[in-house]
Each structure stands twice: as structure tokens, then as C-alpha cells.
Amino acid sequence: MENPYEGPALGGEEVTENRYTMQDLLERIQASEEEIKTHLETIHACQIDGYWRVLDFDYEMKLLGHVTQLVDSESWSFNKVCLETSLEELAPLEPKEMIEHCLNSYGKRYTENDKIFYALHEDKVCRGTALLLLHNAVKFNLREFQEVWQQSVPEGMSTRLDQLKSVALVDRTSRPETICLLRVEDLPEDTQERFNHLFSLREKWTEDDITPYIQDLCGEKQTTGALLTKYARSSMQNGIKVFNSRRLVAT
């Protein structure tokens, strides 16, 4: 995140600081090369000129938009996206290796009759599209958001709120109901700070709502239930168990 890749530099000038080769990462991170590679894949990192880079959010979404628009304009099934045609059609817009990287990030590669195709991953594409829609809005009317979201994904894909666990938060108590962006990776890494932050956003949480935001804090043998017992207090509200802070939270 120190130097996200924003696409080919105009005029060829690009900041070269804070770029890491695999060797740099191995020297800094206590993990095997395989573990690092797996995580780089999870965060959609890409090797560019020998350096591992994460893509700038807007740039990654731009690539995804090109791919999904092509799928719609060619009336392809999202399970059968031809690599060769995609590269030909989109080459005037973006470097071929970035289009292929986007297909690798959001789809599963397979070969049929010596041609390479991708089956786009429904949940990943729907999630990416939702992030783009929520990115510029503080809060979105939930019903309106769901309509726009469904219209924005390729034909045949189904959007579902459970695709947005750990990236968006629905408020069922407000009228009308709303949804806003809340990504687990943007939250504090320290457990106490994380709980303080969550309780500053919302006084009472249901277990379903809070679990995606604390799951990554669990140790190997720890459960989210144990974390909640330690860092929150529970009470019943309208027959539903809710959790609030054990300490006074400064709003």
C-alpha cells in the first residue's frame, strides 16, 4: 500500500521507492515463500518489472469494469470468457498483462480445444462491483443499492448481501435501511483498539454483524465467542443477543 500501481505511467515517470521484490519480502516477513505467494494472490498483487505491487483500488476497478463490459457487449457467458479475444479487444485500453492479471484475480483459468478461457468467479465480481459503488458514498439506501448493484454485474450473476461480509455493513435499524463501506483491512490490528473502534461506530452489535470484523483476530484455538466474552458484554434486545463495549467509548 506504500506505492500502489496506478497503471502505466504517463510520460514513463514513476516513483521507484517502496517497491519490493520477493527477496525483499522474504527478508522482512516471517513466512515461507509459499505463504507469501498465497497472500499476494489473496490481495490481488501483481509482479511488475520484478517487483510485487498491489493495484490502486480505482485502477483495479477500472480493469474489472473493462472485463465485465466486454462480457456483456459480446453476450458471453461469464463462465466462458476467451483470453485471446479479451486481450485483442482491450489491448487499446490497457496493457495485455494487466487484463490477464485481472482475469486471474477474478476468474478461474481453463483450456478448451487449445484455447484459454476464464470462468469468472461470481462472488468476487459481485463483491468488487459493490466496493466500487460504495467507495464514493458515505451511506447508501439499502434497497436502492441492491437494485443498482444487480444491474451493474454481468448478465446471469446474482448479487447477495452475504458476498459483502467483512467489507460492508448493513444498518437494519435506520429508516430507510442503509449500507456503508466498512472493510476489515482498514480496521486497527490491535484487538482492544479494534473493539474500541467498532463500538465507536455502533453501540450495539449482533453476533452475525460483528463476527466478520473480529474473525481475523482469533488465534489458532480461539473462537470469536471467546473474544466477545473478553472484550464485550452481552444483553438481550427484542429477543436478540447484542454486544456492547465493556468500557465507556468516547464517541
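Which helix do Phe145 and Trp149 both lie in, and how many residues apart are they? They lie in helix α7 (residues 142-152), four residues apart, about one turn of the helix. Helices here are DSSP runs of H or I with at least four residues, strands are runs of E with at least two, and both are numbered from the N terminus.

Some ground rules: this is a predicted model, where local features need pLDDT of at least 70 and side-chain atom pairs pLDDT 80 or more, while totals for chains, interfaces and linings use all residues. Residues are numbered from 1 along each chain as its sequence is written, and side-chain values use heavy atoms, without hydrogens and water.

Phe145 and Trp149 form a stacked aromatic pair, 5.3 Å centre to centre with 25° between the planes. Rings of Phe, Tyr and Trp (its six-membered ring) pair if their centres lie within 6.5 Å; planes under 30 degrees apart count as stacked, over 60 as edge-to-face and the rest as tilted. The structure holds seven aromatic pairs.

Next, the sheet. Three strands form an open sheet in the order β9-β11-β10, with antiparallel pairing; two strands pair if DSSP finds at least two bridges between them. β9 and β10 (232-237) are at the edges with a single partner strand each, so one side of each has no neighbour in the sheet. β10 and β11 are joined by six bridges. Arg233 has Asn244 in β11 as its bridge partner.
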